[in-house]
Amino acid sequence: MKLLKEFKEFAVKGNVMDMAIGIIIGAAFNKVIDVLAKQVILPPLSLLSDGVNFENKKLVLRDAITDASGTVTATEVAIAYGKLFEVFLDFIIIGFTVFIVVKAMNRLRNKAQDSKDKTVVTPKDIELLSDLKDLMEEQNKLLKANTSS
């Protein structure tokens with residue numbers, strides 16, 4: 001029963017929900033990046049490289065061996081470096097896109113947390129903390145003035 005209670009407390013916390021939402025959005029984001037890489041970025045690169053399809057590029061170490069009836073007796077052994085290039089390009093695109101998204105989110109968060117910026121509504125907790133900080137600074141100035149006189 002204790003284990004069930006602990007699991008319930010864990011599952012009800014906001015972190016689990018945030019993580020689940022992040023995973024769902026990440027899966028959808030992965031599809032967008034996949035299309036961006038394969039359908040938008042790789043075709044111009046293929047055109048620049050004289051129509052070479054990177055996905056099919058490979059270094060054949062041993063050709064497939066077939067017998068007289070056409071049955072494959074030994075499969076082809078090859079290093080698919082084109083697929084590696086494609087996956088590496090996906091990684092760079094995803095990394096750069098995530099960097100841009102995080103940078104934009106940080107800029108918005110910093111703007112929202114700036115209590116002096118009146119163009120964005122400041123969350124109440126940040127506003128209260130800012131007010132407390134201002135009051136403490138004012139009290140420190142008063143204390144310094146009283147102790148120096």
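Guide: With a definition: a residue is buried under 20% relative accessible area, exposed over 50%, and partly exposed in between. The model is a predicted one.

Visitor: Why is Glu76 called partly exposed?

Guide: Glu76 has a relative accessible area of 35%.

Visitor: What makes Lys58 and Glu76 a salt bridge?

Guide: The closest N and O atoms of Lys58 and Glu76 are 2.8 Å apart. The cut-off is a Lys or Arg side-chain nitrogen within 4 Å of a carboxyl oxygen of Asp or Glu, so Lys58 and Glu76 form a salt bridge. The structure holds one salt bridge.

Visitor: Why is the pair said to tie parts of the chain together?

Guide: Lys58 lies in the loop between H2 and S1, and Glu76 in the loop between strand S3 (72-74) and S4. These parts are 18 residues apart in sequence, so the pair ties them together.

Visitor: Is Lys58 buried, partly exposed or exposed, and what is the value?

Guide: Lys58 has a relative accessible area of 40%, so Lys58 is partly exposed.

Visitor: How do you know that Leu143 is exposed, whereas Glu138 is partly exposed?

Guide: Leu143 is at 54% relative accessibility and the limit for exposed is over 50%, so Leu143 counts as exposed. Glu138 is at 48% and therefore counts as partly exposed. Leu143 is found in helix H4, and Glu138 is found in helix H4 (residues 124-148).

Visitor: What makes a patch of negative charge on the surface?

Guide: Glu127, Asp131, Asp134, Glu137 and Glu138 gather there. Asp and Glu count as negative, and a patch takes residues with over 30% relative accessible area and no salt bridge. Glu138, at 48%, is over that limit.

Visitor: Which residues form the nonpolar patch on the surface?

Guide: Leu59, Leu61, Val77, Ile79 and Tyr81, with about 460 Å² of accessible area together. Strand S1 (59-62) and strand S4 (77-79) are the elements that give two or more residues to this patch. Leu59, found in strand S1, is at 47% relative accessibility and so counts as partly exposed.

Visitor: What makes the largest nonpolar core a core?

Guide: A nonpolar core is a set of buried nonpolar residues joined through side-chain atoms within 4.5 Å. The largest has six residues: Ile33, Ala37, Leu42, Phe54, Leu89 and Ile93. Helix H2 (14-48) and helix H3 (81-113) are the elements that give two or more residues to this core, and H2 gives the largest share, three residues. In soluble globular proteins, nonpolar side chains tend to be buried together.

Visitor: Why is Ile25 called exposed?

Guide: Ile25, in helix H2, is at 53% relative accessibility. The limit is over 50%, so Ile25 counts as exposed.

Notes:
Residues are numbered from 1 along each chain as its sequence is written. This is a predicted model: local features need pLDDT of at least 70, side-chain atom pairs count only at pLDDT 80 or more; totals for chains, interfaces and linings use all residues. Side-chain values use heavy atoms; hydrogens and water are left out. Patches are made of residues with over 30% relative accessible area and no salt bridge: like charges are joined within 9 Å, nonpolar side chains (Val, Leu, Ile, Met, Phe, Trp, Tyr) within 5 Å. Accessible areas come from the Shrake-Rupley method with a 1.4 Å probe; for residues, only the protein chains shown count as cover. The place of a charge is taken as NZ of Lys, CZ of Arg, CG of Asp or CD of Glu. Helices (H or I, at least four residues) and strands (E, at least two) are DSSP runs, numbered from the N terminus. Buried means under 20% relative accessible area, exposed over 50%, partly exposed in between (1.4 Å probe, protein chains only).
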